[in-house]
Amino acid sequence: MPLFWRISLFNSVVLIAATALLLGPVTVSTPVLLTEAAILTAGLVVILVANVLLLRIGLGPLRRLAHAMTTTDLLRPRVRPKADGDGEIAALITTFNTMLDRLEAERALSAARTLSAQESERHRVAQELYDEVGQTLAAVLLDLRRVADQAPDEVREQLTQVQETTRAGLDEIRRIARRLLPGVLEELGLASALRSLSDEFTGPSLTVRHDIAPGLPALGDNADLVLYRVAQEGLTNAARHSGARLVRLSLERAGDAVRLRVRDDGRGFDGSDEGAEGAGIRGMRERALLIGADLVVGPARGGGTEVRLTVPVGDRAAARTG
């Protein structure tokens, strides 16, 4: 029976019973006797408790639905509220769950298009940096070397300094191009790309140690790219924001999944505070959703921050992305 009719029927029974008592032989003395007051009070308490229990039981699914509405985040899929209750309440919860499924599917499709456009733009910019700007600077460097060989001694030293500055700029452009377009990922695979990425971030103020397990299963180009970009973003955050001195990057088999970990010893990050997440972390979450992976960003054991991405393998991956 729908909640509306249950509440209406219960209150109707109470009103009918009260009317029957008023019209019946039962009377209330004036002044009211103690026993009569006790009976009236007990009856009122019974009516109020019954109403409270009925409303609490009947409206319980609505409270759970309201909590789900306030905590839902399309980038953090959670268990759907159970469609319990009767009649309209169950239908409302079912409609809400269907709406969430549609919104998550649309968000995933939109994110896939956006990330695909971003990768295409990265590819274009990297090619232009390497083919146009890089080649131009390389030509300038050759001209400077030829001019320096013919210049007098007092000018040659200055030209040599200009050569070094130009060479440093060329190296920086090539480094930026490699970050935009990880050619080593396409040529040598994920393991080599992660090792190269670790070496690239290692410097005087930061040490990156990598541990790549051998014999990992093939995940596909999309999953490899997501793993690489998540590792890149994790290392970038550790280098820029955490104040870390040591970062450990690992890739290992975890049951029927492959797990990436990026752990630093810097300032911790409380992953429960969704409002504190920047565009980088939300971008990682969007990438993880594309391949049905689980992403956790939060405090690491022993201090610091840990980024953990778990990518399903085989049938489990197909079921989650399907």
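Reader: How many helices and strands are there in the chain?
Author: This is a predicted model: local features need pLDDT of at least 70, side-chain atom pairs count only at pLDDT 80 or more, and totals for chains, interfaces and linings use all residues. Residues are numbered from 1 along each chain as its sequence is written, and side-chain values use heavy atoms, leaving out hydrogens and water. Helices (H or I, at least four residues) and strands (E, at least two) are DSSP runs, numbered from the N terminus. The chain contains 9 helices and 5 strands.

Reader: In what order do the strands of the open sheet lie?
Author: Two strands pair if DSSP finds at least two bridges between them. The open sheet has 5 strands with mixed pairing. Their order is S1-S2-S3-S5-S4.

Reader: Which strands stand at the edges?
Author: An edge strand here has a single partner strand, so one side of it is left without a neighbour in the sheet. The strands in this position are S1 (207–212) and S4 (294–299).

Reader: At about what angle to S3 does helix H7 run?
Author: Axes are lines fitted to C-alpha atoms, for helices over the stretch in contact (heavy atoms within 4.5 Å). Angles run from 0 to 180 degrees between N-to-C directions. Helix H7 (residues 221–242) lies across S1, S2, S3, S4 and S5. Its angle to S3 is about 10°.

Reader: Which residues have the most contacts inside the largest nonpolar core?
Author: A nonpolar core is a set of buried Ala, Val, Leu, Ile, Met, Phe, Trp, Tyr and Cys residues joined through side-chain atoms within 4.5 Å. Buried means under 20% relative accessible area, exposed over 50% and partly exposed in between (1.4 Å probe, protein chains only). The largest such core has 36 residues, and those with the most contacts inside it are Leu194, Leu260 and Leu309.

Reader: Which element gives the most to this core?
Author: H6, S1, H7, S2, S3, helix H8 (279–290), S4 and S5 each supply at least two of its residues. The element that gives the most, with 8 residues, is H7.

Reader: How far apart are the end C-alpha atoms of residues 39–59?
Author: An unreviewed UniProt entry lists residues 39–59 as "transmembrane region"; UniProt positions follow the numbering used here, feature names are shortened, and annotations may be inferred rather than shown by experiment. Over this stretch the chain is 100% helix and 0% strand. The end C-alpha atoms are separated by 30 Å.
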